[in-house]
Amino acid sequence: MIDAIRFYGLGKLGLPLASLFASSGIRVFGIDTDAGHVETLQADGGRFDEPGLGVLLGLASGNLTFHSAAPKEPAQASIIHVPTPSSPDAPRFSSSIVEAAIESACKAALEDATPVWPHLIVVASTLMPGTFHERLLPLAARLSEGRDERFVLSYVPDLVAIGDVIRGFRRPPALIIGADDPGASVMTRALYARVVDRDVRHANVSLAEAELSKVAWNFFFCLKIDFANQLARLADGLGGINVDKVVECLALDARVGRGFLKAGMPFGGPCFPRDVRAMMALCGGEDSSLATAVAQGNEFAAGLRRRPGNRCQAPARRHSRAGLQAGHGRDNPVTIFRLDRRTCGARCRRGRLRPFARGDRRATT
């Protein structure tokens with residue numbers, strides 16, 4: 001049984017997840033290379049906008065400690081929740097920070113006074129498909145010092161929304177466990193059972209299947225958002241059509257589903273836009289036509305207020321907010337779209353962009 005873990009990355013997602021594990025009774029050594037961030041956490045727990053995080057940190061305080069490097073304390077597993085940066089010019093997610101964290105985790109495990117083998121390493125950071133087989137598995141094999149059974153790796157991608165992170169970790173839409181080693185899958189499932197509700201559906205798949213599932217998951221949400229906004233523009237052009245009623249008709253079919261099928265704001269946030277770019281890069285060439293169309297449709301929706309004659313003159317304002325990336329003190333540009341209700345008002349309900357339902361989050365991970 002795993003009773004102690006090293007947790008790498010204490011950002012907007014990593015800290016809540018580390019706190020959940022600690023509040024379940026597991027000893028958690030939270031590690032972040034940003035020394036200033038660690039000092040803040042050690043002093044007063046830091047300040048975060050995530051609802052419920054302050055209470056959760058209080059519940060976890062007896063089992064959660066903060067460090068700028070791996071402490072000399074034994075642990076049976078490590079969780080990696082660090083950034084995988086990308087940009088419009090370099091859409092493929094970089095795994096360099098993940099690799100550095102894995103190297104630290106392996107070295108710390110090898111230095112344990114009473115090591116327990118195999119040592120489980122769970123990666124939660126979003127990765128490009130192929131990263132495990134091309135980079136992470138060879139790295140762990142090299143660091144195992146000739147004993148392949150020393151380190152086993154798994155992948156558990158986050159399926160949570162900003163502003164609803166704690167509940168999202170406890171009750172995700174599904175728990176995806178990617179592992180090529182059956183033992184790693186069993187260990188990961190037992191570990192996450194400490195924080196995930198029992199009735200949550202789960203899928204045991206290969207590492208490559210889990211990598212693609214994460215990117216495809218977010219891309220499909222973007223596809224539905226863009227489709228609903230396209231319907232809204234079409235309904236507005238035809239005149240006299242309530243697009244919400246059209247969407248309600250579509251949602252009656254279980255094959256379509258209601259989630260994210262709501263005409264409203266363009267998608268934004270830390271993950272949706274970059275996951276669309278990643279899908280474009282993965283597909284490449286003519287195969288990227290669908291992903292390209294989704295990206296272009298979202299940009300078109302965001303720029304509608306610049307179009308002459310638009311009945312809704314203040315649909316979407318693009319904001320660039322600095323979001324702290326987990327554990328490395330870097331600014332992550334986040335595209336957020338907000339509705340100016342003072343100038344828009346009821347016209348938004350008749351215009352080309354509409355407010356969306358409270359539960360329909362367009363900035364997720």
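Colleague: Is D199 buried or exposed?

Modeller: In this predicted model, D199 has a relative accessibility of 54%. The cut-off for that class is over 50%, so D199 counts as exposed.

Colleague: Which residues do salt bridges that share partners join into one network with D199?

Modeller: The side chains of R171 and D199 meet in a salt bridge with an N to O distance of 2.8 Å, and R171 is partly exposed, at a relative accessible area of 36%. This pair links distant parts of the chain, 28 residues apart, with R171 in the loop between α6 (165-170) and β7 (175-178) and D199 in the loop between α7 (182-192) and β8 (202-205). Through shared partners, the residues joined into one network are R171, D197 and D199.

Colleague: What is the N to O distance in the salt bridge of E99 and R135?

Modeller: E99 is buried, with a relative accessible area of 16%, while R135 counts as partly exposed at 45%. The side chains of E99 and R135 meet in a salt bridge at an N to O distance of 2.5 Å.

Colleague: Where do E99 and R135 lie, and how many residues apart are they?

Modeller: The salt bridge between the side chains of E99 and R135 links distant parts of the chain, with E99 in helix α4 (residues 96-110) and R135 in helix α5 (residues 131-143), and their separation is 36 residues.

Colleague: Why are the buried residues of α3 on the same side of the helix?

Modeller: The buried residues of helix α3 (residues 53-60) are L53, L56, L57 and A60. They are on the same side of α3 because they cover an arc of only 100 degrees around the axis.

Colleague: What do the buried residues of α3 pack against?

Modeller: One of the elements in question is helix α1 (residues 14-23), which is mostly covered, with 9 of its 10 residues buried, and which is followed by G25, whose phi is positive, near 110 degrees. The buried residues of α3 pack against α1, β3 (64-67) and α6.

Colleague: Which residues make the nonpolar surface patch of about 340 Å²?

Modeller: One of them is L234, which lies in helix α8 (residues 207-238) and is partly exposed, with a relative accessible area of 48%. The residues that make this patch are L234, L238, I241 and V246.

Colleague: To how many disulfides does the count come?

Modeller: The sulfur of C222 is 9.8 Å from the closest cysteine sulfur, that of C271, which is too far for a bond, given that a disulfide needs the two sulfur atoms within 2.5 Å. Both cysteines are covered, since C222 is buried at a relative accessible area of 0% and C271 is buried at 11%. The number of disulfides therefore comes to 0.

Definitions and conventions:
Residues numbered from 1 in each chain as written. Predicted model: local features only at pLDDT ≥ 70, side-chain atom pairs only at ≥ 80, totals over all residues. Heavy atoms only, no water. Buried < 20%, exposed > 50% of the residue type's maximum accessible area, 1.4 Å probe, protein only. Helix = DSSP H or I, 4+ residues; strand = E, 2+ residues; numbered from the N terminus. Salt bridge = Lys/Arg side-chain N within 4 Å of Asp/Glu carboxyl O. Patch = residues over 30% accessible without salt bridge, like charges linked within 9 Å, V, L, I, M, F, W, Y side chains within 5 Å. Areas by Shrake-Rupley, 256 points an atom, 1.4 Å probe, with all protein chains shown as cover. Arc of directions from axis to C-beta. Contact = heavy atoms within 4.5 Å.
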